[in-house]
Structure formats: C-alpha cells, structure tokens
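This report describes the fold of a single protein chain, from its overall composition to its sheets and nonpolar cores. The sequence and structure are shown below.

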Amino acid sequence: MSYILTSCFWYFLKHSSIFSSLLRPDRSIFLLRSLFQELANTQEPLVEETNKNQEVVLALYEALNTRDVETVHKILAPDLEWWFHGPPTHQFLMRLLTGASSDDSFRFEVDPLSVTTFGPTVIVEGCDHSRSISWVHAWTVTDGIITQVREYLNTSLTVTRLGNSTQSPSSDYNTSSSSSSSSSSSSSTGDITSVHCPSVWESSFSNRVGKSVPGLVLAI
C-alpha cells in the first residue's frame, strides 16, 4: 500500500502542470480518472509478477509435501544458492530439497503460515510446535525459477529495504576542525550519502518456540 501511495505522489509531481485544469469542474473528474487509470496500468505488470513469484514458491511447498520430485526439479535452479542460519542438526529444508529425507522415518511438513512478497523475494514463515521450531524461508524467483533460498531456523528475522539518503554534514563538524586543516577539510565537506534501511517485515512466530532466539536482518 505504501509503495502505491508513493508512486501516486511522484506521478502527480510529474504531471503537476495539469493541476490548474482541475479547477475547472467540467474537466476535473475526467482528468482524475485518467491519472488513476494510467497509474493503475503501470502497476499491473508489477502486481502480476509478484503474484506469479508467490505462486511458484507455494507450488514448491506443495511438491515438497507430496514428494513430487519432478515438480521440485522443474521449479528449482540446478545451481540453487542456499544459505542457512540455525542449529546444524536442523537443516530440514535442505534434506527435503536434496532428497536426503526419502526415508519414511523423516517427516518435516513445510506448511506456510505467512507469505509476503517483495518483487522477486518471497518471504515464507511457519512453525512446528512439536519440534519447538520456527522457520523463515526467503526465496528469490527469477523468470519463474527459484535461484536462491535463505533458511532461518529459530531466528528472529527483520527484512529491510535498501535506499540512499543524502545528508549534509553538521555545522559542528566544521567548527571543530583546526585552522591549519581548514583547506583540506573544506574539500571533504560535500554531501554525505548514508544508507537508509526501513523495516518492511518482521517474523512473528519466532517467539512461540518457548526459548530465546538470535536476531538477524535481511536487506533486499
């Protein structure tokens, strides 16, 4: 929702020259409809891609739970990049993906309880109360194929978005410099670019396993 509102804001700025026409009642409704229709058209490809990526990931979970090896191979890239954080003995997802869990004694159902998509990144969260385990999977989907997965077991995960914000140095920085180095410091007091990482998602099941868990941040 916030992404759409931001898009509306910049879109209106771009077309600010027509706002004077909105003062005419006979044209205001027509122009507003045109603006929102054009904006909706620009959002459709993004929404469609997001939905497809989510469908791909959910299809993988279904294939894993039904032991549909053929579908799993179609969805996963041959050179899948896998990253894991958690107890080494709890690498359940990798055992499913590699087929190491083909024996009947191993059962780990991956039932998504929460699915959130940010473009090519699909965040899925679940919890296995019988094992006191919470898990988060961060999938990367490229052209309908899963190319990367980050697996977090019993970990509190916060997802942030990377962005740049330009800030000018404070006046205290210059006043604290000595007169002998004023010439050199003046050349380095240009705009300072800092990285702004707003939080867009936080895991919600990590506190249900009855134990303290570490926290990590994933920047996308």
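## Overall composition

The chain contains 6 helices and 10 strands, where helices (H or I, at least four residues) and strands (E, at least two) are DSSP runs numbered from the N terminus. The model is predicted, so local features need pLDDT of at least 70 and side-chain atom pairs count only at pLDDT 80 or more, while totals for chains, interfaces and linings use all residues. Residues are numbered from 1 along each chain as its sequence is written, and side-chain values use heavy atoms, with hydrogens and water left out.

Of the 220 residues in the chain, 32% are buried; buried means under 20% relative accessible area, exposed over 50%, and partly exposed in between (1.4 Å probe, protein chains only). The accessible surface of the chain amounts to about 13400 Å², and carbon and sulfur atoms account for 54% of it; such areas come from the Shrake-Rupley method with a 1.4 Å probe, and for residues only the protein chains shown count as cover. Among contacts with a separation of 6 or more, 66% join residues 24 or more positions apart, contact being defined as heavy atoms within 4.5 Å.

## The five-stranded sheet

An open sheet of 5 strands runs in the order S1-S5-S4-S3-S2 and has mixed pairing; two strands pair if DSSP finds at least two bridges between them. Strands S1 (76-85) and S2 (114-118) are at the edges with a single partner strand each, so one side of each has no neighbour in the sheet. From one strand to the next the twist averages 20°, with axes taken as lines fitted to C-alpha atoms (for helices over the stretch in contact) and angles running from 0 to 180 degrees between N-to-C directions.

S2 pairs with strand S3 (residues 121-128) in the antiparallel sense over 5 bridges. Within this pairing, threonine 116 stands opposite isoleucine 123 in S3.

## The three-stranded sheet

A further open sheet consists of 3 strands in the order S9-S6-S10, also with mixed pairing. Its edge strands, S9 (199-202) and S10 (215-219), each pair on one side only. The twist here averages 25° from one strand to the next.

Strand S6 (residues 156-160) pairs with S10 in the parallel sense over 5 bridges. Threonine 158 is located in S6 and stands opposite valine 217 in S10. Threonine 158 counts as buried because its relative accessible area is 19%. Beyond residues up to four places away in sequence, threonine 158 touches Ser199, Trp201, Glu202, Leu216, Val217 and Leu218.

## Nonpolar cores

The largest nonpolar core has 26 residues, of which Val57, Leu60, Leu64, Trp139 and Ile146 touch the most other members. A nonpolar core is a set of buried Ala, Val, Leu, Ile, Met, Phe, Trp, Tyr and Cys residues joined through side-chain atoms within 4.5 Å. Elements giving two or more residues to this core are H2, helix H3 (69-75), S1, helix H4 (92-98), S3, strand S4 (133-142) and strand S5 (145-153). The greatest contribution, 6 residues, is from H2. Apart from this core lies another, of 9 residues, including Val136, Val159, Trp201 and Leu218.

Leaving aside neighbours within four places in sequence, the contacts of tryptophan 139 include Val57, Leu60, Tyr61, Leu93, Pro120 and Ile146.

## Glutamate 49 in helix H2

Glutamate 49 lies in helix H2 (residues 25-65) and counts as partly exposed, at 39% relative accessibility. The C-alpha atoms of glutamate 49 and proline 120 are separated by 8.0 Å, although the two residues are 71 residues apart along the chain.
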